[in-house]
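Student: I'd like to learn how to read a structure like this one. Could we go through it together, one feature at a time?

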Amino acid sequence: MNGTRTIGFIGLGHMGGPMAANLVKAGHQVLGYDLMPELLDQAVGNGVTAAGSAAQAVATADVVITMLPAGRHVLGLYRDEGLLAAARPGTLFVDCSTIDVADARAAHEAAVAAGMRALDAPVSGGVVGAEAGTLTFMAGGGGTEFDEADALLAVMGKKAVHCGGPGAGQAAKICNNMILGISMIAVSEAFVLGESLGLSHQALFDVASTASGQCWALTVNCPVPGPVPASPANRDYRPGFAAPLMAKDLGLAASAARAGGVPTELGLKAAELYAAYAEADGTDQDFSGIVTTMRQRTAEGGGEA
Ligand code: NAD
């Protein structure tokens with residue numbers, strides 16, 4: 001894809017807002033829409049042109065990008081609210097939301113049936129990555145569509161991987177985040193067990209970060225304050241990657257595992273633990289804050305077999 005593109009951008013929240021702003025900075029024309037007028041105003045401040053509706057945002061677009069909460073929002077817009085019907089034939093629809101793999105496939109099918117082209121391209125990297133233009137995209141769909149979207153993804157991110165056909169981007173996203181959720185629980189349990197054994201956080205970190213326990217949850221997002229100064233644990237677990245988003249992604253992995261009959265025992269347990277944490281103390285905390293509930297349960301004598 002060469003030159004300036006006209007982009008319809010729907011969903012200008014925590015992620016979509018800065019992503020749209022980066023597209024404007026790179027010289028693209030962005031027609032934006034969000035149900036929340038204050039977010040639309042904020043986007044206009046960043047150079048986005050406000051559309052009066054989602055349909056209006058896509059009517060003249062070469063590429064449509066959606067960054068919405070869940071599959072029902074994407075399918076609702078694509079099918080029920082007539083977004084596909086409002087675009088020019090052949091328009092490329094890139095959904096960057098994190099949604100169920102089955103919903104992503106249904107969105108592809110609906111787009112193709114309406115004479116459009118589609119790509120699922122969920123992201124990792126959070127709000128910080130969206131603002132800095134350093135997201136990682138995991139894409140599913142045709143190679144031609146991926147190649148066409150690549151120049152735009154390169155504006156919003158530092159890396160884009162074509163994972164396979166429709167839904168493959170969402171599959172990669174939930175598999176990656178299942179690893180992350182399980183490994184954060186493992187690291188947190190190790191710190192709490194270490195505490196009960198009189199082991200300092202720094203000693204365990206110094207060993208595990210250079211031994212076989214090494215992983216991102218330990219070395220970048222360390223759940224205890226001290227060893228990694230930039231980790232959310234040093235700022236009262238302000239996100240970062242919020243616990244409800246981890247709970248959501250693990251829920252998507254769990255439903256995919258159940259649908260496919262795959263016995264992801266730790267993934268299901270992680271989904272259960274994060275759902276409980278996200279509904280209680282973790283509502284507005286980084287997902288690494290789950291360590292505090294483990295410490296609490298230990299104090300309450302909940303560690304017995
Ligand atoms: P958000 O709630 O801040 O933004 C979503 C926006 O979509 C909201 O502003 C909402 O008003 C808008 N919206 C919903 N339905 C709409 C409709 N019909 N028409 C127009 N606008 C509509 O959420 P977010 O944090 O930006 O996350 C967006 C997606 O990215 C989610 O799927 C999330 O799982 C994923 N994600 C988020 C993060 C993160 O750190 N926030 C990281 C990776 C992936």
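Predicted model: local features only at pLDDT ≥ 70, side-chain atom pairs only at ≥ 80, totals over all residues.

Student: Where is His-28 placed, and is His-28 buried or exposed?

Tutor: His-28 belongs to the loop between α1 (16-25) and β2 (29-33). Buried means under 20% relative accessible area. With 11% relative accessibility, His-28 therefore counts as buried. Leaving aside residues up to four places away in sequence, His-28 touches Gly-3, Thr-4, Arg-5, Ile-7, Leu-23, Leu-152 and Val-155.

Student: Why is α1 largely enclosed by the rest of the structure?

Tutor: For a helix, go through its residues and ask how many are buried. In α1 that is 8 of the 10 residues, so the rest of the structure largely encloses this helix. Among the buried ones are Gly-16, Pro-18, Met-19 and Leu-23. The buried residues of α1 pack against β1 (6-10), β2, β4 (63-66), α7, β8 (135-141) and α8 (143-156). Just after α1, Gly-27 has a positive phi of about 100°.

Student: Now the ligand. Which residues come nearest?

Tutor: Of the 23 residues around the ligand, the nearest are His-14, Met-15, Asp-34, Leu-68 and Lys-248. A backbone N or O atom of Met-15 lies 2.8 Å from a ligand oxygen atom. For Asp-34, a polar side-chain atom is 2.7 Å from an oxygen atom of the ligand, and for Lys-248 the corresponding distance from a polar side-chain atom is 2.8 Å. The protein covers 88% of the 820 Å² of accessible area that the ligand has on its own.

Student: What is the make-up of that shell around the ligand, and which helices supply at least two residues each?

Tutor: Sort the shell by residue class, and then by element. The classes come out as 13 nonpolar, 7 polar and 3 charged residues. As for elements, α4 (71-80), α7 (126-132) and α12 (243-260) each supply at least two residues of the shell.

How values were computed:
Residues numbered from 1 in each chain as written. Heavy atoms only, no water. Near = heavy atom within 4 Å. Polar contact = N/O pair within 3.5 Å; in protein donor to acceptor, adjacent residues only side chain to side chain. Areas by Shrake-Rupley, 256 points an atom, 1.4 Å probe, with all protein chains shown as cover. Helix = DSSP H or I, 4+ residues; strand = E, 2+ residues; numbered from the N terminus. Nonpolar A, V, L, I, M, F, W, Y, C, P; charged D, E, K, R; others polar. Buried < 20%, exposed > 50% of the residue type's maximum accessible area, 1.4 Å probe, protein only. Contact = heavy atoms within 4.5 Å.
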